[in-house]
Amino acid sequence: MTTATPELLTVPEVMSRLRFSRSKVYDLIRSKRLASITEGRCRRIPESALRDYIRTRLEEAS
């Protein structure tokens, strides 16, 4: 049985995956380098946005 990963991630989940601090994740969101959505006080990062951010960083490093 496989466990489905959520399509929308919380800031703490992104922090854990990237091993970045909370302030670094919010800096990426503020600078529009990491897309997110907000509903009320809830901030969520689409998993596809996280993949795009990682892919872009890898391409920049090449």
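Contact means heavy atoms within 4.5 Å. Among contacts in the chain between residues at least 6 apart in sequence, 47% join residues at least 24 apart. The model is predicted: local features need pLDDT of at least 70, side-chain atom pairs count only at pLDDT 80 or more, and totals for chains, interfaces and linings use all residues. Residues are numbered from 1 along each chain as its sequence is written, and side-chain values use heavy atoms, with hydrogens and water left out.

Three helices and three strands make up the secondary structure of the chain. Both kinds of element are DSSP runs numbered from the N terminus (helices: H or I, at least four residues; strands: E, at least two). From the N terminus on, their order is β-α-α-β-β-α. The C-alpha trace spans about 35 × 35 × 15 Å along its principal axes. Accessible surface was computed by the Shrake-Rupley method with a 1.4 Å probe; for residues, only the protein chains shown count as cover. The total for the chain is about 4,900 Å². Carbon and sulfur atoms hold 51% of that surface. Residues are classed by relative accessible area: buried is under 20%, exposed is over 50%, and partly exposed lies in between (1.4 Å probe, protein chains only). Of the 62 residues in the chain, 23% are buried.

The chain carries 13 positive and 8 negative side chains. The centres of the two sets lie 6 Å apart.

The three strands form an open sheet in the order E1-E3-E2, with antiparallel pairing. Strand E1 (8-9) and strand E2 (37-39) are the edge strands, each pairing on one side only. Two strands count as paired if DSSP finds at least two bridges between them. In general, strands of a sheet pair through backbone hydrogen bonds, either parallel or antiparallel. Two bridges join E1 to strand E3 (residues 42-46) in the antiparallel sense. In this pairing, Leu9 stands opposite Ile45 in E3. The bridge partner of Leu8 in E3 is Pro46. Helix H3 (residues 47-61) packs on the sheet and touches E1 and E3. The direction of H3 makes about 55° with that of E3; axes are lines fitted to C-alpha atoms, for helices over the stretch in contact, and angles run from 0 to 180 degrees between N-to-C directions.

On the other pairing, E2 and E3 run antiparallel and are joined by three bridges. Ile37 has Arg44 as its bridge partner in E3. The hairpin of E2 and E3 has two residues between the strands. Gly40 in this hairpin takes a positive phi near 65°.

Leu8 belongs to strand E1. With a relative accessible area of 37%, Leu8 is partly exposed. Residues up to four places away in sequence aside, Leu8 touches Glu13, Ile37, Arg44, Ile45 and Pro46. Leu8 and Ala49 are 41 residues apart in sequence, yet their C-alpha atoms are 9.5 Å apart in space. Pro12 lies in helix H1. Pro12 counts as partly exposed because its relative accessibility is 47%.

Most residues other than glycine have a negative phi. Two loop residues have positive values. Arg19, in the loop between helix H1 (11-18) and H2, has a phi near 60°. Arg19 is exposed, at 77% relative accessibility. Lys32 sits in the loop between H2 and E2. Lys32 is not a glycine, and its phi is about 65°. At 75% relative accessibility, Lys32 is also exposed.

Arg30 is found in helix H2 (residues 22-30). Arg30 counts as exposed because its relative accessibility is 57%. Arg30 and Arg51 are 21 residues apart along the chain, and their C-alpha atoms are separated by 18 Å.

Terms used
Lys and Arg count as positive and Asp and Glu as negative; His and the chain ends are not counted. The place of a charge is taken as NZ of Lys, CZ of Arg, CG of Asp or CD of Glu.
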